[in-house]
Amino acid sequence: MTKTSAQPHDIETRWPGQLAAIDMGSNSFRLEIGQVTQHRYRRVDYLKETVRLGGGLDANGLLTEEASARGLACLERFARRLEGFAPQQVRAVATQTLREARNRDVFLTRAQTVLGRPIEVISGREEARLIYAGVARLQPSNAPRLVIDIGGRSTEMILGHGRKALRAESFQVGSVSLSMRYFADGRLTAQAFRAAQVAAGAELEEALEPFAPAHWREALGSSGTVGAVSQLLAAGGVSDGRITPAGLRWLIERCIECGRIDRLDLPGLKEDRRAVIAGGLAILYTLAAHFGIEALHPARGALRQGVIFDLDERLHATALPQDGHDLRDATVRELQRRFMVDAQQARRVSRVAEALYARVQPRAGREARRELLWACALHEMGMMVSHHDHHRHSAYLLAHVDAAGFSQSQQRRVAELVLGQRGGLRKVEAGLTQEAFAWQVLCLRLAIIKCHARGEVRDDALRIERHGTEARLACGARWAEAHPRTLFLLQEEAQAWARGGVLKLVLRD
């Protein structure tokens, strides 16, 4: 079957076939709209605004109101451009600044209201994976390659072959953070550049062996920093756009000659790059010197295209599940293997929970259904740590493990579901104020109770009906008589929901 871009059919859209990605970076916010057809990518529109969100983190790790306001204003403009797009056609991701910000949840609540769509905070390794996906699709090669992306507050390094990222890491040093620390007074001195390079080298030192030249044959740079430096070298007649150690030394010398950021007058330097170019140069020179990069070529792809390709795969997996591919499913299977989960029990619990959920939440969105099934698949992964309180171990592991394809936000939601799988409900009472989450928790808990004997179960043994916020569970007198222990657990469950939560569980004959 020839693959074309998948398209949601249940929600009308004014822009069929188009997909949109929002990259909320530490320096700039970007909106890319594109179309994937017959394995080919076509850009429809591209918007970029310099927001400097990363420059708005204060000494306490809090995002300032000024930086928040800049971000919200930009998202409001993006929202207007995205009018008419169905929810499944858009994915918004946030990177290092919102990974760091202690008050990120406050900002995200406001930002999602303005944008009208969910925003996912992705981990550094997930960001790196998506960057490589964008580069690999738009600039294919069979050579082992190193891809580098210097952002505002982090630098991602990826080793890959073909479309597969073999190793992906994220380091907490970027053009904005380094510029703020070593060039905050506006002066461009040799001493400041040396200090910035030492700091960058200290952060990147652990990457020296895994990303050594022996592991790759070509090096590509994917970021605004790489693009800006490439343009400066080309405009200055130093190179054809390739970034070399000699070219970087030339640029650093020109900066030192100017003496101050506000006096920088380099051909090709854009105003939005002026304040952060010194930090970016320091990182690039450190990378070139420490990792033996003789020439860094600007890459065509970037994070935003990787997000679009990933979204296209998810939609294709939904439309054509028999041959679609959603990386998150593969990640769940790998976590089951790594943590030696009883896959047969996980399937039993999943089957029961899915049937119950379909009865009480027939209009639930696809992602809500999948999050419940992922929780079922991984609810026992903590048993590898200890059978005692395994639900707490499972939740902790899920919240902190590197899970390719998942955002940090989605991982936390699944982990919270897993935490609520057994015992009292107080530990998840904050989430239970949301009725949608409460129904997921209830179905997971009931499925685990039904399957507690770890044997085959009848799908029709328990029948559930929803009446408002009340779940009425019928099991039949003969079944109850034959399963006294399960009945006892269900009675305990009804009492737990009577003590707290927005739902009520009623047992009926």
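Two strands pair if DSSP finds at least two bridges between them. Strands here are DSSP runs of at least two residues (E), helices are runs of at least four (H or I), and both are numbered from the N terminus.

A word on the model. It is predicted, with local features needing pLDDT of at least 70 and side-chain atom pairs pLDDT 80 or more, while totals for chains, interfaces and linings use all residues. Residues are numbered from 1 along each chain as its sequence is written, and side-chain values use heavy atoms, without hydrogens and water.

I'll start with the sheet. Three strands form an open sheet in the order E11-E12-E13, and the pairing is mixed. At the edges are E11 (463-467) and E13 (504-508), each pairing on one side only. From one strand to the next, the twist averages 25°. E12 (residues 470-474) runs parallel to E13, joined by five bridges. Ala 474 sits opposite Arg 508 of E13.

Next, the helix on the sheet. H17 lies across E11, E12 and E13, at about 15° to E12. Angles are taken between N-to-C directions, from 0 to 180 degrees, and axes are lines fitted to C-alpha atoms, for helices over the stretch in contact.

H17 (residues 435-450) also meets H12 (residues 343-360): their axes come within 8 Å and cross at roughly 140°. Contact means heavy atoms within 4.5 Å. On H12 the contact residues include Val 349, Leu 356 and Tyr 357, and on H17 they include Trp 439, Leu 444 and Lys 450.
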